[in-house]
Amino acid sequence: MQKDDVYMQEAILLAKQAQQIGEVPVGAIVVLDDVIIGRGFNQSITLSDPSAHAEMIAIREAAQHLQNYRMPEATLYVTLEPCAMCAGMLVHARIKRLVFGAFDAKTGACGSVMDLTSHQDLNHIIAVTKGVLKDECGDILSRFFAQKRLEKKQNKKLLRKG
């Protein structure tokens with residue numbers, strides 16, 4: 001197994017933690033010199049915080065670990081392509097490399113809808129590796145949303161009966 005696959009597996013475990021508490025299953029880790037220095041999973045619902053994405057939480061933990069908001073030698077692994085908010089934060093943090101699993105055709109800001117990680121007018125360009133364990137990362141999300149749709153359908157049926 002390649003190193004990127006091993007680290008993405010760690011991010012997948014965090015995504016499963018998010019799923020267990022009813023959050024969209026996205027997990028992220030920050031790695032520096034082969035050491036995980038930040039971990040995060042989506043907690044926007046739990047914390048009532050729209051910025052509590054997996055990437056944000058992992059980067060905040062890594063920044064505390066380093067006592068620095070810049071991470072020019074670190075790599076972020078995340079199970080889903082970052083949104084514009086998170087991609088912007090990665091540029092500000094000066095992350096060296098981003099590795100993501102599933103593509104996000106609706107809000108992905110690292111190549112799918114737009115690309116903030118390699119925008120020539122920004123002051124930092126991030127090396128991006130796309131699609132690492134994309135099927136496994138995507139399956140977790142697909143199953144989660146399929147379950148949510150099923151629950152919504154069942155709730156509508158109950159309301160009609162009641």
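**View 1. Salt bridges in the predicted model.** The model contains 3 salt bridges, a salt bridge being a side-chain nitrogen of Lys or Arg within 4 Å of a carboxyl oxygen of Asp or Glu. The model is predicted, so local features need pLDDT of at least 70 and side-chain atom pairs count only at pLDDT 80 or more, while totals for chains, interfaces and linings use all residues. Residues are numbered from 1 along each chain as its sequence is written, and side-chain values use heavy atoms, with hydrogens and water left out.

**View 2. Asp34 and Lys3.** Asp34 forms a salt bridge with Lys3, with 3.0 Å between the closest N and O atoms. Asp34 sits in the loop between strand E1 (27-32) and strand E2 (35-41) and Lys3 in helix H1, so the pair ties together parts that are 31 residues apart in sequence. Helices (H or I, at least four residues) and strands (E, at least two) are DSSP runs, numbered from the N terminus. Asp34 is partly exposed, with a relative accessible area of 49%, and Lys3 is partly exposed at 48%. Buried means under 20% relative accessible area, exposed over 50%, and partly exposed in between (1.4 Å probe, protein chains only).

**View 3. Arg97 and Asp4.** The closest N and O atoms of the Arg97 salt bridge with Asp4 are 2.5 Å apart. This pair links distant parts of the chain, with Arg97 in strand E4 and Asp4 in helix H1, 93 residues apart. Arg97 is partly exposed at 21% relative accessibility, whereas Asp4 is buried at 14%.

**View 4. Lys96 and Glu73.** A salt bridge joins the side chains of Lys96 and Glu73 (3.2 Å, N to O). Lys96 lies in the loop between H4 and E4 and Glu73 in the loop between H3 and E3, so the pair ties together parts that are 23 residues apart in sequence. Lys96 is partly exposed, at 43% relative accessibility.

View 5. Arg94 lies in the loop between helix H4 (84-93) and strand E4 (97-102). Just after H4, Arg94 takes a positive phi of about 60°. Arg94 is buried yet has no salt bridge, and the nearest side chain of opposite charge, Glu73, is 11 Å away; Lys and Arg count as positive and Asp and Glu as negative, while His and the chain ends are not counted. Not counting residues up to four places away in sequence, Arg94 touches Arg70, Met71, Pro72, Asn123 and His124, where contact means heavy atoms within 4.5 Å.

**View 6. Helix H4 and its cover.** Buried residues of H4 are Cys86, Ala87, Met89, Leu90, Val91 and Ala93. Their cover includes helix H3 (54-66), strand E3 (75-80) and E4. His92, also found in helix H4, is exposed, with a relative accessible area of 55%.

**View 7. Ala102 in strand E4.** Ala102 lies in strand E4 and is buried, with a relative accessible area of 6%. Not counting residues up to four places away in sequence, Ala102 touches Thr79, Leu80, Glu81, Lys134, Cys137, Gly138 and Leu141.

**View 8. Helices H1 and H5.** The axes of helix H1 (residues 3-20) and helix H5 (residues 134-161) come within 10 Å and cross at roughly 10°. H1 and H5 are therefore roughly parallel to each other. Met8, Gln9, Ile12, Lys16 and Gln19 in H1 meet Glu136, Cys137, Ile140 and Phe144 in H5. Axes are lines fitted to C-alpha atoms, for helices over the stretch in contact, and angles run from 0 to 180 degrees between N-to-C directions; angles under 35 degrees count as roughly parallel, over 145 as roughly antiparallel, 65 to 115 as roughly perpendicular and the rest as oblique.
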